Amino acid sequence: QVQLVESGGGLVQAGGSLRLSCAASGRTFSSYSMGWFRQAPGKEREFVAAISGSGSNTYYADSVKGRFTISRDNAKNTVYLQMRSLKPEDTAVYYCAAGLVLTSTPLYKSWGQGTQVTVSS
């Protein structure tokens with residue numbers, strides 16, 4: 001099972017940018033589809049973006065399309081989430097996840113511990 005560690009969260013003003021990183025352990029990183037999810041206080045965890053093992057396919061939630069970009073560097077065992085034009089409603093704990101199926105559902109096998117993103121108005 002792959003181990004995941006997120007980083008890059010923080011406090012940013014509305015309209016600003018952040019880049020989240022998720023470092024994975026193991027030698028088979030490119031075999032995994034990777035997803036980013038988020039959970040705001042009092043809300044259910046929701047899908048943000050996902051990327052296939054090769055990086056050739058990506059999917060986004062409508063709420064972040066055009067503002068967020070998911071990418072990966074298989075040589076570094078890392079997946080990224082570049083977030084631009086951030087809004088207060090993007091405030092949440094962001095989680096990365098690894099699985100064998102590219103999906104927007106939370107059916108991923110491994111999850112990180114999460115990183116807090118707070119967007120002030």
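Two strands are said to pair if DSSP finds at least two bridges between them. The legends below describe a predicted model.

**View 1. Strand β4 and its antiparallel partner β5.** Strand β4 and strand β5, the latter made up of residues 46–51, pair in the antiparallel sense over 5 bridges. Within this pairing, F37 stands opposite F47 of β5. The two strands form a hairpin, with 6 residues lying between them. G42 is in the turn of this hairpin and has a positive phi of about 75°.

**View 2. Strand β4 and its antiparallel partner β9.** Strand β4 also pairs with strand β9, which covers residues 92–99; the sense is antiparallel and there are 7 bridges. W36 has C96 in β9 as its bridge partner.

View 3. Strand β4 comprises residues 33–39. Buried here refers to a relative accessible area under 20%. Of the 7 residues of β4, 6 are buried, so the strand is largely enclosed by the rest of the structure.

View 4. S7 belongs to strand β1, which spans residues 4–7. With a relative accessibility of 37%, S7 counts as partly exposed, because that class lies between the 20% limit for buried and the 50% limit for exposed. When its neighbours within four places in sequence are left aside, S7 is in contact with R19, L20, S21 and T115. The C-alpha atom of S7 is separated by 9.6 Å from that of Y80, although the two residues are 73 residues apart along the chain.

**View 5. The protein chain as the setting for the close-up views.** The protein chain contains 11 strands and 0 helices. Its radius of gyration is 13 Å, close to the 14 Å that the globule rule gives for 121 residues, so the chain is as compact as a globular protein of that length. Along the principal axes, the C-alpha trace spans about 40 × 25 × 25 Å. Of the 121 residues, 46% count as buried. Among contacts between residues at least 6 apart in sequence, 56% join residues at least 24 apart.

**View 6. Surface and charges of the protein chain.** The protein chain exposes about 6200 Å², of which carbon and sulfur atoms supply 48%. The chain carries 12 positive and 7 negative charges, and the mean positions of these two groups are 7 Å apart.

Note on methods: Residues are numbered from 1 along each chain as its sequence is written. This is a predicted model: local features need pLDDT of at least 70, side-chain atom pairs count only at pLDDT 80 or more; totals for chains, interfaces and linings use all residues. Side-chain values use heavy atoms; hydrogens and water are left out. Helices (H or I, at least four residues) and strands (E, at least two) are DSSP runs, numbered from the N terminus. The radius of gyration is taken over C-alpha atoms; the globule rule is 2.2 Å times the number of residues to the power 0.38. Buried means under 20% relative accessible area, exposed over 50%, partly exposed in between (1.4 Å probe, protein chains only). Contact means heavy atoms within 4.5 Å. Accessible areas come from the Shrake-Rupley method with a 1.4 Å probe; for residues, only the protein chains shown count as cover. Lys and Arg count as positive and Asp and Glu as negative; His and the chain ends are not counted. The place of a charge is taken as NZ of Lys, CZ of Arg, CG of Asp or CD of Glu.
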